[in-house]
Amino acid sequence: MHHFDNFPPNPLTLEGSAILHQMLKVRWLEWRALPTARRGEILAAALPVLIAIETGKSALFSLLGHKGDLMLVHFRDNLDGLGKVERDLQKLALWDYLELSHSYLSVVELGLYESTMKVYGSLAERSMEPHTPDWDKEIQETLERQRTAMQPRLFPEIPPHPYCCFYPMDRLRGEHKNWYLVPLAERQRMMADHGEIGRRYAGKVKQIISGSIGLDDWEWGVDLFAEEPTVFKQLIYEMRFDEVSAVYAKFGSFFVGRRTAAAEMGTLLAV
Amino acid sequence: MHHFDNFPPNPLTLEGSAILHQMLKVRWLEWRALPTARRGEILAAALPVLIAIETGKSALFSLLGHKGDLMLVHFRDNLDGLGKVERDLQKLALWDYLELSHSYLSVVELGLYESTMKVYGSLAERSMEPHTPDWDKEIQETLERQRTAMQPRLFPEIPPHPYCCFYPMDRLRGEHKNWYLVPLAERQRMMADHGEIGRRYAGKVKQIISGSIGLDDWEWGVDLFAEEPTVFKQLIYEMRFDEVSAVYAKFGSFFVGRRTAAAEMGTLLAV
Amino acid sequence: MHHFDNFPPNPLTLEGSAILHQMLKVRWLEWRALPTARRGEILAAALPVLIAIETGKSALFSLLGHKGDLMLVHFRDNLDGLGKVERDLQKLALWDYLELSHSYLSVVELGLYESTMKVYGSLAERSMEPHTPDWDKEIQETLERQRTAMQPRLFPEIPPHPYCCFYPMDRLRGEHKNWYLVPLAERQRMMADHGEIGRRYAGKVKQIISGSIGLDDWEWGVDLFAEEPTVFKQLIYEMRFDEVSAVYAKFGSFFVGRRTAAAEMGTLLAV
Amino acid sequence: MHHFDNFPPNPLTLEGSAILHQMLKVRWLEWRALPTARRGEILAAALPVLIAIETGKSALFSLLGHKGDLMLVHFRDNLDGLGKVERDLQKLALWDYLELSHSYLSVVELGLYESTMKVYGSLAERSMEPHTPDWDKEIQETLERQRTAMQPRLFPEIPPHPYCCFYPMDRLRGEHKNWYLVPLAERQRMMADHGEIGRRYAGKVKQIISGSIGLDDWEWGVDLFAEEPTVFKQLIYEMRFDEVSAVYAKFGSFFVGRRTAAAEMGTLLAV
Amino acid sequence: MHHFDNFPPNPLTLEGSAILHQMLKVRWLEWRALPTARRGEILAAALPVLIAIETGKSALFSLLGHKGDLMLVHFRDNLDGLGKVERDLQKLALWDYLELSHSYLSVVELGLYESTMKVYGSLAERSMEPHTPDWDKEIQETLERQRTAMQPRLFPEIPPHPYCCFYPMDRLRGEHKNWYLVPLAERQRMMADHGEIGRRYAGKVKQIISGSIGLDDWEWGVDLFAEEPTVFKQLIYEMRFDEVSAVYAKFGSFFVGRRTAAAEMGTLLAV
């Protein structure tokens with residue numbers, strides 16, 4: 001079986017909000033070396049900015065472990081919106097006492113495996129040659145229709161759950177097992193099986209997938225939100241036995257944090 | 001042989017205490033640059049906090065080598081408990097002179113391979129379809145029964161032995177050898193063989209396994225506790241020839257430390 | 001099939017401008033610790049230098065994420081030109097407040113797969129032995145002809161688009177899949193297929209390929225320029241299903257930035 | 001052939017001295033910023049401690065290259081002895097000007113491949129079941145006998161040669177080539193061949209093997225001592241063509257240093 | 001085919017000068033923070049030392065990119081000579097403002113593949129057993145004869161060309177493709193083919209190969225010297241299609257620098 005059985009082999013995808021994850025370490029020694037009054041001033045200047053961005057579009061988490069003390073997650077309409085929030089934060093004196101230890105840039109992505117199979121099939125039946133103007137027009141119409149239908153999922157608010165788990169991932173391109181050479185129909189089947197596990201956790205875990213090919217060092221970012229963090233372990237462990245994960249998933253670092261109101265920043269900074 | 005011979009392929013697991021390992025380097029230059037009196041004050045302020053958490057729920061170790069000078073191990077009921085201890089420590093002035101060089105986040109895990117085989121078998125004999133409400137109910141009952149029986153092992157105290165060895169590990173997902181594609185029955189047999197070696201060391205080594213899928217960068221964390229550290233080497237070397245380790249285990253960094261009473265912190269800090 | 005079917009196996013290539021990418025992090029704490037007047041002076045001294053190099057030959061981008069705050073891209077006639085711009089920048093007091101977190105050295109490269117096939121074929125038909133003086137002369141003439149024709153593509157201006165995506169890449173030399181053992185004719189076919197995808201994006205993305213074998217740690221650098229950054233993701237995702245990318249491409253870190261006039265440096269430095 | 005042909009598959013091993021390698025970088029800027037008199041004081045306070053430990057049990061080397069300026073090698077009876085020397089050094093003001101850039105923890109190990117083959121064979125002939133009390137007793141007696149005979153090799157002095165080469169190594173556990181699945185008899189043969197090369201260098205190189213499974217990040221540490229350092233290259237190059245090294249050895253970083261009397265510490269610190 | 005067809009499998013090699021590459025980053029902030037007069041003094045104290053070592057035995061290069069600002073290359077008769085130059089440099093106040101970001105330790109090596117084939121063949125014809133005293137004597141005589149003949153290539157001056165390219169490399173020891181298992185005769189043929197490409201560049205590139213097995217983290221170091229740096233790319237690209245490189249070469253980081261007279265150090269330090 002070979003991916004050229006379907007042509008083109010790439011599934012149609014939709015892009016939505018631009019997302020930036022910022023992982024931050026507090027420079028405790030420098031921060032605590034400041035006079036108490038100065039720390040108060042710096043915090044007072046930062047709070048309105050942090051509170052202003054915390055409107056479903058940015059969220060603050062306290063991270064567990066050495067990878068960072070804080071994580072800021074920003075959802076914006078596009079990369080320019082993310083650039084603006086980055087510059088707004090850099091202007092704060094508080095920023096000098098936070099080290100950006102890691103970050104991740106991506107855009108909300110919906111992979112339309114089922115629609116792709118349908119529209120490619122229908123266009124093939126009508127003997128339309130891929131990448132001809134007529135073919136392109138039909139594809140664009142499909143995308144436009146889906147984009148309208150999916151609008152809320154493409155530009156979501158940050159879910160309000162108290163726990164967040166973020167990790168980046170790739171699909172394997174090994175010398176023997178290579179996701180990008182698997183026929184589209186098989187990939188669609190595996191993704192559907194994968195989705196079934198997700199649906200069993202629907203009430204417990206809210207998942208947002210973002211794509212980062214061409215934007216950051218892994219191909220996708222995954223954000224999970226839940227009331228109770230043990231469910232992250234249960235869901236991901238169960239999925240690991242899934243064909244698409246067992247064989248084709250490569251995982252980066254995992255970041256687990258607890259949602260905190262920006263107004264509570266002083267508590268996180270031990271002021 | 002293929003893992004779809006058993007369905008679902010994942011073993012039932014129980015989760016208990018949340019665990020955080022914190023590896024710390026002393027900032028000797030900055031610490032020793034403080035006036036003696038100030039160091040005394042800082043230590044005096046830290047000791048009550050360190051002693052208070054040292055009640056079977058947190059333990060202090062002096063590490064050997066460059067990976068860290070100290071290791072704090074925290075067992076708590078959940079991630080919130082770990083977040084609280086992190087923030088309590090960050091409030092100490094002492095924290096400014098300790099660099100968090102590494103950490104590991106996990107939860108105590110018991111993999112119920114034998115119970116899983118039994119209950120899956122019994123449900124299959126009764127022709128119950130996986131993931132139906134009835135099937136789920138039976139699984140939940142099995143889990144609940146085991147959870148009650150295993151309570152002390154799920155929420156253990158930190159063993160009092162003077163030596164600790166901690167390391168994270170993964171199961172291999174290679175292009176040819178892939179743990180997650182091995183049938184459940186075979187995995188159960190390999191885990192049982194593996195456990196037999198462990199049992200031969202029962203009097204000498206106390207082992208606590210924690211799961212970290214979805215929580216940290218490896219799949220499991222292993223803590224070994226012993227009176228005499230050479231036994232770590234002997235046990236792990238013997239296990240390396242074990243099928244499940246020889247073929248399917250990938251190991252991260254090893255951290256070896258000696259238990260120290262929090263009250264002895266001054267000695268470790270050369271005050 | 002084996003690469004010795006064609007001899008020599010390496011495609012003719014042309015080299016043009018030398019390129020240096022410099023990724024920079026602002027040392028916020030040290031920078032902001034300076035008196036406002038001193039920051040103004042430092043910036044005033046730097047601006048004329050930055051503006052002077054910004055003439056189609058150097059460009060400033062604000063980067064997204066933790067890999068850097070700024071990216072300077074320099075196109076020069078040769079490595080000496082790059083050395084000169086490096087030293088000019090090092091002379092600025094501003095340079096002390098910028099940490100060179102990453103860089104990439106390469107030269108514009110055009111791989112002449114089609115011309116190579118033609119000229120090798122024609123020389124073989126005329127029974128000319130490779131690497132004999134006559135053979136070399138014909139090859140040199142081909143290269144010279146192409147060099148003249150390609151002059152504008154070999155020494156391009158930096159495209160004026162607002163968004164840039166840079167990443168380095170290698171061709172796989174695995175134990176089973178090895179680009180450098182694939183026959184030249186097959187490599188030429190795969191590169192032609194690859195180019196076809198690129199051509200479909202011609203109006204939207206401007207691409208500059210540079211070679212870095214013997215100059216930096218990957219074999220090639222890729223710069224993409226566009227009005228709208230989502231197209232980077234779409235183009236590279238589509239190409240990933242391409243045989244030459246799916247099987248033979250290894251990717252390094254991705255850097256995404258927004259073009260900023262050097263005169264706006266003060267804004268990026270939050271002055 | 002499979003390792004279950006011999007059971008148990010692990011060779012008997014003996015453990016001796018605990019070893020700690022400490023690689024150190026001088027913090028030149030901070031060190032030289034001290035007044036000359038203060039540097040003299042710090043050195044004067046450190047010398048007696050350094051000289052006291054330099055009695056066949058600890059040795060000082062000046063390293064070549066950027067991995068460290070100095071290397072301290074400590075041989076002690078057990079890990080507690082190493083912990084003590086670590087704390088003694090941390091108490092020195094000199095320690096504040098030395099950065100512990102790397103370290104390695106291990107214990108002298110003798111792998112008794114030949115004795116293992118003999119005793120396993122003899123016990124099998126007498127139909128004794130592995131891991132039964134009788135079997136264990138015989139094994140313990142073999143170990144005890146060997147331990148007595150090997151005492152000087154288990155607790156050696158640090159050889160006095162002027163040059164030292166240290167590196168850690170693993171045995172390969174690949175998907176196709178896996179040392180831990182090779183039958184014991186074959187491993188014994190390969191180790192014997194390997195030892196033969198070593199014996200040809202006996203007069204020129206003194207080798208001490210230490211085991212670090214469960215103690216540090218590689219499985220073994222190798223220390224070579226010689227009058228003339230080129231012999232390190234010649235020996236290791238010749239061994240690389242050896243089956244056990246060519247196929248099954250993975251190497252970490254190499255550290256090469258020249259023995260220096262602790263009394264000469266001032267010279268190394270450019271005082 | 002198997003390497004035991006030839007015995008011993010390792011080629012005879014000769015060792016010459018000991019080489020140390022030192023890559024250095026200027027600590028711009030600390031350096032420029034010094035009063036102008038102090039910088040002048042420090043430079044004035046350093047120049048005579050730098051100029052004295054610059055006599056065909058040490059050379060200074062300005063590096064391009066973030067891997068370092070400067071590279072010092074030292075050729076000495078042995079490791080003691082390198083240790084001495086290291087200590088001489090560490091004594092300079094200038095050294096406090098240079099961070100040793102990387103280094104490489106190796107010795108000039110000539111691999112005598114052809115002589116090896118001849119002498120092994122001749123000794124085999126005379127039925128001489130390898131590693132017997134007579135066999136060893138003949139080998140030593142061959143080595144001595146070659147050592148005398150090759151003296152100038154074993155202890156070369158640093159070539160005076162303006163550009164240098166340095167990189168370390170390994171031969172692959174994969175699970176399927178393993179250089180150290182290839183028969184000697186085949187390795188000799190591949191090395192001869194490889195050398196032929198080198199000879200075509202003889203007038204343009206001067207190459208010095210050094211061995212670093214047992215000395216540093218890769219097996220070999222390669223130094224290329226040229227008038228024009230594009231030739232580094234052309235030569236290495238052409239060689240990459242070579243069997244020995246395409247299949248068996250693994251490359252480390254590449255460092256490219258321009259020769260600068262030590263007297264020009266002030267210019268590189270922007271004084």
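No contact joins chain A and chain D, and the closest C-alpha atoms of these two chains lie 13 Å apart. The model is a predicted one. Chain A and chain E do not touch either, their nearest C-alpha atoms being 13 Å apart.

Begin with chain A and chain B. Their contact takes 41 residues from chain A and 46 residues from chain B. Together the two chains bury about 3,800 Å², and carbon and sulfur atoms account for 57% of this area. On the side of chain A, 22% of the area buried against chain B comes from A:Lys233, A:Tyr237 and A:Phe241, more than from any other three residues.

The elements of chain A that give two or more residues to the side touching chain B are the helices α1 (28-33), α7 (230-240) and α8 (243-248) and the strands β2 (58-63), β5 (163-171), β8 (249-251) and β9 (255-260). Of these, α7(A) gives the most, with 8 residues. By residue type, the side of chain A that touches chain B divides into 20 nonpolar, 9 polar and 12 charged residues. One salt bridge between these chains is formed by the side chains of B:Asp80 and A:Arg258, at 2.5 Å from N to O.

How is chain A related to chain B?

Now turn to chain D and chain B. Chain D can also be laid on chain B by a turn of 72 degrees and a shift of 0.0 Å along the axis, with an RMSD of 0.0 Å. Here too the copies use different surfaces: 4% of the contact residues of chain D recur in chain B. The area buried between chain D and chain B is about 3,800 Å², with 57% of it given by carbon and sulfur atoms. D:Arg173, D:Glu175 and D:Ile213 supply 18% of the area that chain D buries against chain B, more than any other three residues.

For the interface of chain D and chain B, the count of residue pairs in polar contact is 25, and the rule finds 7 salt bridges. In one of the salt bridges the side chains of D:Glu109 and B:Lys233 meet, at 2.7 Å from N to O.

Over all chains, the structure holds 85 salt bridges. One of them is formed by D:Asp80 with B:Arg258, whose closest N and O atoms are 2.6 Å apart. D:Asp80 belongs to helix α3 of chain D and B:Arg258 to strand β9 (residues 255-260) of chain B, so this pair joins two chains.

Aromatic rings give another set of pairs. The structure holds 54 aromatic pairs over all chains. One of these is formed by A:Tyr104 and A:Phe166, whose ring centres are 5.5 Å apart and whose planes are 50 degrees apart, a tilted arrangement. Which parts of chain A does this pair link? A:Tyr104 lies in strand β4 (residues 98-111) and A:Phe166 in strand β5 of chain A, 62 residues apart, so that distant parts of the chain are linked.

Technical notes. Residues numbered from 1 in each chain as written. Chains lettered and ligands numbered in written order. Predicted model: local features only at pLDDT ≥ 70, side-chain atom pairs only at ≥ 80, totals over all residues. Heavy atoms only, no water. Contact = heavy atoms within 4.5 Å. Buried area = accessible area lost by both parts, 1.4 Å probe. Salt bridge = Lys/Arg side-chain N within 4 Å of Asp/Glu carboxyl O. Helix = DSSP H or I, 4+ residues; strand = E, 2+ residues; numbered from the N terminus. Nonpolar A, V, L, I, M, F, W, Y, C, P; charged D, E, K, R; others polar. Phe/Tyr/Trp six-rings, centres within 6.5 Å; stacked < 30°, edge-to-face > 60°. Least-squares fit on C-alpha atoms with pLDDT ≥ 70 in both. Polar contact = N/O pair within 3.5 Å; in protein donor to acceptor, adjacent residues only side chain to side chain.
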